[in-house]
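Subject: Structure handover

Hi there,

Here is the structure I promised to pass along. Please have a look at it first, and then read on for the notes below.

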Amino acid sequence: MTLNNYKTIHFIGIGGIGVSALARYFLSKGYKVSGSDLSDSPIIRDLVKEGAIIHIGQSASNVKNLKNVLVIYSQAVNSDNPEMKQVLKMGLECKSYPEAVGELTKQFKTIAIAGAHGKSTTTAMLALILVEAGLDPTVIVGTKLKEFNNGNFRLGKSEYLVLEADEYGGAFWNYHPFISGITNIDREHLDFYKNFGGVKKSFRKFIANHKAGSKIIFNDFNKALGEVVSKATFLKRYSISDVPAKIKNKIKRMLKIPGKHNQLNALVAYSVAKGLGISEKIILKSIGKFNGVWRRMEYKGEFKFPIPNFQFPIKVFDDYAHHPNEVKATLQGLKE
């Protein structure tokens, strides 16, 4: 059965940054949405305000009375989860978050942003370019944007879906884009992929989901990514090194968020937008207006030490970086 066969959706692990965005999609389309998570959070409280019925804590009793419901579960949920056990016992249809999003990608002209690092920033930047261009996209992104009322979802009225395509657990193998931007690949999620060869194989599998003639925009300064994409001869391939030097310099000057890594992210967003036929003027204007996203070098304010005669305030930034190369790039950006 497809997503359209249901009017009620239950989410196990609804508080996740990706799952919550999908829940918002269904709420915006008039579905009845319920869910559960292990603990309360600002995301969950926002979902409740938007109309979701959410249980804090997960137990069989949360789902015992559900009928004619599609159950969507987070990748963090395993077969030992009490709700999952009950759902399977009841014979309800279940889809993982990536499987459900994969169904959605078939209903839109999907623009996917993949990569080990920089996905959220690049997805957000590209989404705002499309909004500025009047293309009115639906957006699912793994972070919060001030422009989306501090949310991780935007409902559009056009045929376009801008999607952050996460590689963890092979999630993006389920997606079917007609154009993609890939920021880089790295030795990431080795609990799942085991080694760098497994990571490369995974990205090749994602690329293989594209129809012949689809476009792939990639950061060829990332050597391993260049090698992976070079084998996809059935696609139209465009590298960010092909962007004219004049444009690269403009982007470097006008970009408000620091760091070489963010310049590369911006070049991917620029190139994908050009591939969609958006004018250079609109793209550059949007990049110049971009102020960054939640927990990506996010400025939180100043802290003054409660020490006599210590007059120097310390600037405080919040950053999600957790991979060694992400931490290195963040520190370099702050240094700049």
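**What turned up**

Leu-331 counts as exposed because its relative accessibility is 53% (exposed means over 50% relative accessible area, buried under 20%, and partly exposed in between, with a 1.4 Å probe and protein chains only). Before going further, please note that this is a predicted model, in which local features need pLDDT of at least 70 and side-chain atom pairs count only at pLDDT 80 or more, while totals for chains, interfaces and linings use all residues. Residues are numbered from 1 along each chain as its sequence is written, and side-chain values use heavy atoms, with hydrogens and water left out.

Back to the surface. Leu-331 lies in helix α12 (helices are DSSP runs of H or I with at least four residues, strands are runs of E with at least two, and both are numbered from the N terminus). Together with Tyr-299, Phe-317, Val-327 and Leu-334, Leu-331 forms a nonpolar surface patch with about 450 Å² of accessible area. Helix α12, residues 324-335, gives the largest share of that patch, 3 residues. Patches are built from residues with over 30% relative accessible area and no salt bridge, joining like charges within 9 Å and nonpolar side chains (Val, Leu, Ile, Met, Phe, Trp, Tyr) within 5 Å. The areas come from the Shrake-Rupley method with a 1.4 Å probe, and for residues only the protein chains shown count as cover.

There is a charged patch too: Lys-201, Arg-204, Lys-205 and Lys-231 form a positive one (Lys and Arg count as positive, Asp and Glu as negative, and His and the chain ends are not counted; the charge is placed at NZ of Lys, CZ of Arg, CG of Asp or CD of Glu). Lys-231 sits in the loop between α8 (223-230) and β12 (236-239), and Lys-231 counts as exposed at 58% relative accessibility.

Strand β12 holds Lys-236, which is partly exposed with a relative accessible area of 43%. Leaving aside residues up to four places away in sequence, Lys-236 touches Gly-213, Ser-214, Lys-215 and Ile-216 (contact means heavy atoms within 4.5 Å). The C-alpha atoms of Lys-236 and Lys-215 are 4.7 Å apart, although 21 residues separate the two along the chain.

On to charge pairs. The whole structure has 9 salt bridges, each defined as a side-chain nitrogen of Lys or Arg within 4 Å of a carboxyl oxygen of Asp or Glu. One of them joins Glu-132 and Lys-289, at 3.1 Å from N to O. Glu-132 lies in helix α5 and Lys-289 in helix α11, so this pair ties together parts that are 157 residues apart in sequence. Glu-132 is partly exposed at 30%, and Lys-289 is partly exposed at 44%.

In the bridge between Lys-95 and Glu-93 the closest N and O atoms are 3.9 Å apart. Here Lys-95 is buried at 12%, whereas Glu-93 is partly exposed at 22%.

Best wishes
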